[in-house]
Amino acid sequence: MSLEELIKERIRRQGAITVADYMGLALSHPEYGYYMQRDPFGKEGDFITSPEISQVFGEVIGAWLAHNWQLLGAPEEIALVELGAGRGTLMADILRATKHISGFHQALSVHLVEISPTLKQKQWKTLAGKHERIEWHESIDSLPELPLLLIANEFFDALPIRQFIRKQDGWHERMIDIENDELVFINSSDATILPISIMPVDSIKEDLGGILAGGMVGKNNEEIIETCEPAIMIVRQLSEHIATYGGVALIIDYGYTEGSKGDTLQAIKYHAYHPVLNNIGTADLTAHVDFLALSQAAQSESVNIHGIVPQGAFLMRLGAGERTTTLCQVSSHEQQQSLISGLARLADPKEMGELFKVMAIASKHITQVEGF
Ligand code: SAH
């Protein structure tokens with residue numbers, strides 16, 4: 001049975017499903033989910049991520065993490081955590097770049113939070129022999145009770161979102177149903193109350209229906225807002241962890257920093273956009289990250305939020321330009337070309353430099369952080 005058949009059968013049995021249910025099944029169904037069976041990265045894959053574009057990305061982030069370890073008072077035990085580690089390239093670059101920092105590696109245990117068995121295997125191979133203590137986790141629930149140095153690059157965009165469309169009588173959830181044996185988007189017939197419990201309090205406007213305002217016109221000229229409950233929950237939990245044990249968490253992803261962007265659900269296959277409801281489980285499915293919602297979820301009395309800044313500015317402030325120059329001095333002509341075009345791709349506002357955003361959650365006493 002294909003994933004499409006499986007989803008159709010579920011809809012026939014239970015009725016229309018939410019976008020979040022659809023996204024969750026498409027990406028992480030244990031047997032057919034997109035991430036579960038394949039390595040989606042690189043030229044032959046569906047998309048390419050920053051650590052796969054240039055080693056400089058991981059190297060400057062490694063230096064940033066080590067610097068923050070020092071700001072935290074160089075604790076003797078600290079957990080270096082990555083959420084959704086892909087091929088393990090970023091972690092390998094971080095470890096290589098920080099090897100010479102006195103006492104740092106001795107203090108570290110490495111923790112990779114990963115759902116995909118295929119990618120776990122890949123990470124294990126990439127990282128073999130690079131550190132003595134590496135553990136894998138299904139979720140952040142089992143992270144050790146230690147200070148954290150955490151990185152999440154293009155992790156939050158893979159978490160399931162819900163979509164709500166504004167009509168005269170209120171908000172209707174966007175759902176997926178079957179019409180003439182095809183999967184189609186529909187709007188739930190009854191107006192629904194937005195999951196306000198997960199929404200930041202200060203963006204709740206008390207308008208007539210007591211419903212949430214601030215939505216934008218989506219691709220189909222309808223006012224749509226998106227919520228990502230798992231992202232909010234994860235950020236809350238990480239903030240609590242940092243408030244209790246100390247640490248910093250660096251979140252990098254494509255997304256927006258104010259209001260709503262409308263419908264941002266997108267599928268990518270072979271480096272091109274793909275219809276969201278076609279070839280389920282064989283195309284990547286993501287949504288832009290609502291950074292404002294994340295920063296509000298993290299805001300508590302006991303942590304500091306740094307950012308949100310564009311990736312290009314962040315990387316250049318961390319010295320990505322200088323690092324690229326240094327590497328070029330010891331590289332072949334071909335390598336130089338690839339280092340220079342890699343940096344441009346990561347930092348140029350016309351490429352990933354502006355669309356990608358960076359935010360950090362840090363212990364309360366860390367009031368200034370490099371890069372922000
Ligand atoms: N950070 C990597 C990979 C980004 S792709 C890089 O920059 O190259 C998203 C990663 O998150 C994949 O490794 C995917 O398997 C993992 N992932 C997706 N949803 C997840 C979840 N709910 N829990 C843990 N890992 C998840």
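This is a predicted model: local features need pLDDT of at least 70, side-chain atom pairs count only at pLDDT 80 or more; totals for chains, interfaces and linings use all residues.
Visitor: What is the distance from a nitrogen atom of the ligand to a polar backbone atom of Ile 115?
Guide: That distance is 3.4 Å. The cut-off is 3.5 Å, so this pair counts too. For Gly 86, a polar backbone atom is 3.0 Å from an oxygen atom of the ligand.

Visitor: How much of the ligand does the protein cover?
Guide: On its own the ligand has 570 Å² of accessible area, and the protein covers 92% of that. The ligand takes up the space of the largest pocket.

Visitor: Which residues around the ligand are closest?
Guide: They are Thr 49, Gly 84, Gly 86, Glu 114 and Asn 153, and 17 residues surround the ligand. To be counted, a residue needs a heavy atom within 4 Å. By class, nine residues of the shell are nonpolar, five polar and three charged.

Visitor: Why does the radius of gyration of the chain agree with a compact globule?
Guide: A compact globule of 372 residues would have a radius near 21 Å, and the chain has 21 Å, so the two agree. Along the principal axes, the C-alpha atoms fill a box of roughly 60 × 45 × 40 Å.

Visitor: What does the secondary structure of the chain come to?
Guide: The chain has 14 helices and 17 strands.

Methods: Residues are numbered from 1 along each chain as its sequence is written. Side-chain values use heavy atoms; hydrogens and water are left out. A polar contact is a pair of N or O atoms within 3.5 Å; within protein, one must be able to donate a hydrogen and the other to accept it, and residues adjacent in sequence count only if both atoms are side-chain atoms. Accessible areas come from the Shrake-Rupley method with a 1.4 Å probe; for residues, only the protein chains shown count as cover. On a 1 Å grid over the protein atoms alone, a cavity is a set of points where a 1.4 Å probe fits but cannot get out, and a pocket is an open set with protein on both sides within 12 Å along at least five of seven lines; lining residues have an atom within 4 Å of a point. A molecule sits in a cavity or pocket if more than half of its atoms lie within 2 Å of its grid points. Ala, Val, Leu, Ile, Met, Phe, Trp, Tyr, Cys and Pro count as nonpolar, Asp, Glu, Lys and Arg as charged, and the others, Gly among them, as polar. Helices (H or I, at least four residues) and strands (E, at least two) are DSSP runs, numbered from the N terminus. The radius of gyration is taken over C-alpha atoms; the globule rule is 2.2 Å times the number of residues to the power 0.38.
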